[in-house]
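These are my notebook entries on one protein model.

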Amino acid sequence: MKALITSGGRGTRLRPITHTQNKHLIPIANKPILHYALDYVSEAGITEVGIVTNAGSTAVQDAIGDGSRWGIEITYIPQAEPLGLAHVVKISEDFIGQEPFIFYLGDNIVVGGIQRFIDEFERAGSNCHLVLAEVKDPERFGVPVIENNRIVRVEEKPEHPKSNFAVSGIYLYDHHIFEAVNNIEPSGRGELEISDAHQYLLDKGLEVSYSEITGWWKDTGKPLDLLEANRLILDNLPSNYVDQGIDGDTTVLGRVEIAGSARIVNSNIRGPAIIGENAVVENAYIGPYTSIARDAIIRNCEVEYSIILNGCRLEDVDLRIESSLLGEEAEIVKADPKPKTHRFIIGNQSRIEIT
């Protein structure tokens, strides 16, 4: 079995972060999202992996390399335009050939990995196996219509969903999926919809089986999704730190991972939390579910339930920073001009809440 992983698209719902960074490389618990997908396929014993990337960009190739660190061999497949998930499958036919494969959306994170879904696909002996998840907003996804424990129809982003189940970003196929993606037409938004490919298989009488995710699964398409995924990953974080960079006036409680090169001074760290290489935390409170990446500086601040990316600087902020996602080298600092004012330098599609 091979694996096909997405890493392209525009990431419009995560702007302004994705104006300058591929969304699949945004870190969750200080590890790029795409690394979790590669961990899963490696753990499942898959060694041949195709990663679909944005044509003209080498960001993913530069960050991931040839796959040797995971014990896999990676083939990069450029996609000129984001023309739908079925188009991703279509342009990957030469790489996949006649082998069965797992198609995994690289911005998804699922507890427990993917091995059990592979096992269920092989046990079912079906042509297509969909992994379903119960969600609060099924209208954002492809929604299966299930009758007598069988999928009879799949509707893409329906206005009135017929169930609370969504087709998650995990699909397993045999070679018949290529007949489907080569015969469907673009939707009204100009994309080849993967739901239409699934419906094609159903209309042709091919077997579409399914299983349900019983733990947690996150499609990290929006900022709040990233924060929630960060929380879920940190919930399983083991404590891992030495005292060499932590002074005697600092208190560390709960599950906390602190890089050996980080410096923690007169602060209160309450896990689960992770602090990266060369970060400086001074006279600060770092609350639960916070990830602080490398080279970040946090002084005289309180931060909780947030993702702080590389090189951020937070200094002398009076109110606690919470439920926030700060891009690389962002700064929030206190100034003392007269009269007192708020001064901002804000990029496209940024958001600030002031209370």
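Which residue in β4 is the bridge partner of A3? I found that V49 is the partner of A3.

Before going further, I noted that this is a predicted model, in which local features need pLDDT of at least 70, side-chain atom pairs count only at pLDDT 80 or more, and totals for chains, interfaces and linings use all residues. Residues are numbered from 1 along each chain as its sequence is written, and side-chain values use heavy atoms, with hydrogens and water left out.

**Entry 1**

I took helices (H or I, at least four residues) and strands (E, at least two) as DSSP runs, numbered from the N terminus. Two strands were taken to pair if DSSP finds at least two bridges between them. Strands β1 (residues 2-6) and β4 (residues 48-54) run parallel and are joined by four bridges. They belong to an open sheet of seven strands with mixed pairing, ordered β5-β4-β1-β6-β11-β8-β12. At its edges I found β5 (73-79) and β12 (208-212); each has a single partner strand, so one side of each lacks a neighbour in the sheet. On average, neighbouring strands of this sheet are turned by 25° against each other, direction ignored.

Helix α2 (residues 33-43) packs on this sheet and touches β1, β4, β5 and β6 (101-105), with its direction at about 170° to that of β1. Touching here means contact, that is, heavy atoms within 4.5 Å. The angles run from 0 to 180 degrees between N-to-C directions, with axes as lines fitted to C-alpha atoms, for helices over the stretch in contact. Helix α8 (residues 194-203) lies across β6, β8 (128-134), β11 (165-173) and β12, at about 70° to β11.

**Entry 1: the five-stranded sheet**

I noted a further open sheet, of five strands in parallel pairing, with the order β15-β18-β21-β24-β27. Its edge strands are β15 (256-258) and β27 (325-326). Three bridges link β15 to β18 (residues 273-275), and V256 stands opposite A273. Helix α9 (residues 223-234) packs on the sheet, touching β18, β21, β24 (307-308) and β27, at about 95° to β21.

**Entry 2: aromatic rings**

My search returned six aromatic pairs. Rings of Phe, Tyr and Trp (its six-membered ring) pair if their centres lie within 6.5 Å; planes under 30 degrees apart count as stacked, over 60 as edge-to-face and the rest as tilted. Y40 and Y104 have ring centres 5.9 Å apart and planes at 65°, so this pair is edge-to-face. Y40 is in α2 and Y104 in β6, so parts 64 residues apart in sequence are tied together. F101 and F178 are stacked, at 5.8 Å centre to centre and 20° between the planes. One aromatic cluster is formed by F101, F103, Y171, Y173 and F178.

Is S291 buried or exposed? S291, in strand β21 (residues 290-292), is buried at a relative accessible area of 1%; buried means under 20%, exposed over 50%, and partly exposed in between (1.4 Å probe, protein chains only). Its contacts beyond four places in sequence include N230, L234 and I308.

I28 is in strand β2 (residues 27-28) and is buried at 0%.

I found zero disulfides (pairs of cysteine sulfur atoms within 2.5 Å) in the whole structure. C128 is buried at 0%, and C301 is buried at 3%.
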